[in-house]
Amino acid sequence: TRTTVFVADEVYVYKMTDGPNAVYVALNRSATARDAENLPESATDLLTGDSVSGPVITLEPRSALILQP
């Protein structure tokens, strides 16, 4: 199931769930850094393996995060 979590200023965040499993996808289409909101307090970026702290994360220009809580 896909659920929209946050939309603003060329930023789109959605949550994908499959039973007890969930991932958050955050996209920034802007040429400047933008904040994404309503993300988990702590998660792992599945693209880099880095730990990420929410609920607000600054996304680099034209970037994406795939987060697993």
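In the predicted model, Tyr24 is found in strand β3. Tyr24 is buried, its relative accessible area being 11%. When neighbours within four places in sequence are set aside, the residues in contact with Tyr24 are Val5, Tyr14, Lys15, Asn38, Leu39, Pro40, Leu65, Ile66, Leu67 and Pro69.

The ring centres of Tyr12 and Tyr14 are 5.3 Å apart and the ring planes lie at 35°, so the pair is classed as tilted. Tyr14 has a relative accessibility of 14% and counts as buried, because the limit for this class is under 20%. Tyr12, with a relative accessible area of 29%, is partly exposed. The ring of Tyr14 also has the charged end of Arg2 over it, at 5.1 Å from the ring centre.

Strand β3 spans residues 21–28 and contains Asn28. Asn28 counts as buried, with a relative accessibility of 2%. A polar atom of the Asn28 side chain lies 2.9 Å from the backbone nitrogen of Ser30. Apart from residues up to four places away in sequence, Asn28 touches Glu10, Val11, Ala33, Arg34, Leu59, Glu60, Pro61, Arg62 and Ser63.

Note on methods: Residues are numbered from 1 along each chain as its sequence is written. This is a predicted model: local features need pLDDT of at least 70, side-chain atom pairs count only at pLDDT 80 or more; totals for chains, interfaces and linings use all residues. Side-chain values use heavy atoms; hydrogens and water are left out. Rings of Phe, Tyr and Trp (its six-membered ring) pair if their centres lie within 6.5 Å; planes under 30 degrees apart count as stacked, over 60 as edge-to-face and the rest as tilted. Buried means under 20% relative accessible area, exposed over 50%, partly exposed in between (1.4 Å probe, protein chains only). A charge sits over a ring if NZ of Lys or CZ of Arg is within 6 Å of the ring centre and within 35 degrees of the ring normal. Helices (H or I, at least four residues) and strands (E, at least two) are DSSP runs, numbered from the N terminus. A polar contact is a pair of N or O atoms within 3.5 Å; within protein, one must be able to donate a hydrogen and the other to accept it, and residues adjacent in sequence count only if both atoms are side-chain atoms. Contact means heavy atoms within 4.5 Å.
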